[in-house]
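Grab a pencil and have a go at the exercises below.

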Amino acid sequence: MRVIHGDPFPEPIHHALDQVLLDRIATGEREPVLRFWYRAAPAVPIGRFQSYENEVAVDYVSEHDIDVVRRITGGGAMYVAPGDVITYSLYLPRTDVPDDVEASYELLDEPIVEALRGVGVAARHEPLNDIVHPDGKLGGAAQLRVDHGVLHHATLSYALDIREMLRVLRIGEEKLSDKAVQSAEQRVARIADHTEATRETIIQAIADAYAERYGDGIASLADKEIERAEELAAARFDTDDWNRQR
């Protein structure tokens, strides 16, 4: 497995890269890849089948120039910000992933659980696709399967600003009340509250845990992959037709 760190990209480019690298895995043009996402600005990735208006505080994200981008995978909306979350994508041949969806989530989340436990965080996988701590949910994963490839990606809360999350996501009329914030804090656990390990240390621990299972190696994005992602972002992931479709 090749690990890609890379530079920060705008949110639409990250989602386009998911499509580009999944396509290249499916055609055998790429070895398995683990790609960590680095961002320069806050954003909201929403699930493939979610409603923009139902999930996002539309006026707030507009006023604060927060990108909202529809993923190619299902799952729920998340608020993400540079340094506050850890997001990564795995691109694997279909033959490397169990056909059983539940079993595949458990298998592919095991390295995350091991990495977090290694830095003192009492993490565990909770079916179908959550990573949890006794204090709440640390993060979740989503998948997209095509004929010969699988995209599995996850986002973990490292030091998420929960009050800002409640401003950005449409979670309820009284979402900024003290009671609402306390309730959200009880549902969302943050890695930084349970370990002194830095975000960079945890990213390396996750990379090491996957490398132990799937092999080690560092790679980078090819120029043609970035160019294709830029084209895809302009045509789809940075357009209202894609992101605000009903």
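**Exercise 1.** Find out how many residues line the largest pocket and which of them lie nearest its centre.

*Solution.* Keep in mind that you're working with a predicted model.
- Step 1: The lining of the largest pocket is made up of 33 residues.
- Step 2: Nearest the centre you'll find G76, A77, M78, K137 and G140.
- Step 3: The space inside the largest pocket comes to about 610 Å³.
- Step 4: Now look at who supplies the lining. Strand 8 and strand 9 are the elements that give two or more residues to it. Strand 8 contributes the most, with six residues.
- Step 5: Sort the lining by class, and you get 14 nonpolar, 12 polar and seven charged residues.

**Exercise 2.** Describe the second largest pocket: its space, its central residues and the elements that line it.

*Solution.* 
- Step 1: This pocket holds about 190 Å³ of space.
- Step 2: Its lining has 15 residues, and Y52, D67, V68, D240 and N243 are the ones nearest the centre.
- Step 3: At least two lining residues each come from helix 3 (58–63), strand 4 (67–70) and helix 9 (240–243).
- Step 4: By class, the lining of the second largest pocket splits into eight nonpolar, three polar and four charged residues.

**Exercise 3.** Work out the strand order of the open sheet, and explain why strand 1 and strand 6 stand at the edges.

*Solution.* 
- Step 1: The open sheet has seven strands in the order 1-2-5-9-8-7-6, and the pairing is mixed.
- Step 2: Strand 1 (2–4) and strand 6 (124–126) each have a single partner strand, so one side of each has no neighbour in the sheet.
- Step 3: On average, neighbouring strands here are turned by 20° against each other, direction ignored.
- Step 4: Helix 4 (residues 101–118) lies across strand 5, strand 6, strand 7 (130–133), strand 8 and strand 9, and runs at about 135° to strand 8.

**Exercise 4.** Trace the bridges that join strand 9 to strand 8 and to strand 5.

*Solution.* 
- Step 1: Strand 8 (residues 136–146) and strand 9 (residues 149–157) run antiparallel, joined by eight bridges. A hairpin of two residues links them.
- Step 2: Check some partners across this pair. V146 has G149 as its bridge partner, while R145 stands opposite V150.
- Step 3: Turn to strand 5, which also runs antiparallel to strand 9, with nine bridges between them. Here G149 is the bridge partner of P93.

**Exercise 5.** Decide which residues of strand 9 point one way and which the other way.

*Solution.* 
- Step 1: Start with the rule: in a regular strand, side chains alternate between the two faces of the sheet.
- Step 2: G149, L151, H153, T155 and S157 point one way, and V150, H152, A154 and L156 point the other way.
- Step 3: Check burial, and you'll see that nine of the nine residues in strand 9 are buried.

**Exercise 6.** Is Q204 buried, exposed or partly exposed?

*Solution.* 
- Step 1: Locate Q204 in helix 7 (residues 199–214).
- Step 2: Recall the cut-offs: buried is under 20%, and exposed is over 50%.
- Step 3: Q204 has 39% relative accessibility, so it counts as partly exposed.
- Step 4: For a sense of distance, Q204 and D161 are 43 residues apart in sequence and 23 Å apart in space, C-alpha to C-alpha.

How values were computed. Residues numbered from 1 in each chain as written. Predicted model: local features only at pLDDT ≥ 70, side-chain atom pairs only at ≥ 80, totals over all residues. Heavy atoms only, no water. Helix = DSSP H or I, 4+ residues; strand = E, 2+ residues; numbered from the N terminus. Buried < 20%, exposed > 50% of the residue type's maximum accessible area, 1.4 Å probe, protein only. Pairing = 2+ DSSP bridges. Axes fitted to C-alpha atoms, helices over the stretch in contact; angles between N-to-C directions. Contact = heavy atoms within 4.5 Å. 1 Å grid on protein atoms, 1.4 Å probe; cavity = no way out; pocket = protein on both sides within 12 Å on 5 of 7 lines; lining within 4 Å. Points joined across faces, edges and corners; volume = space filled by probe spheres on them. Nonpolar A, V, L, I, M, F, W, Y, C, P; charged D, E, K, R; others polar.
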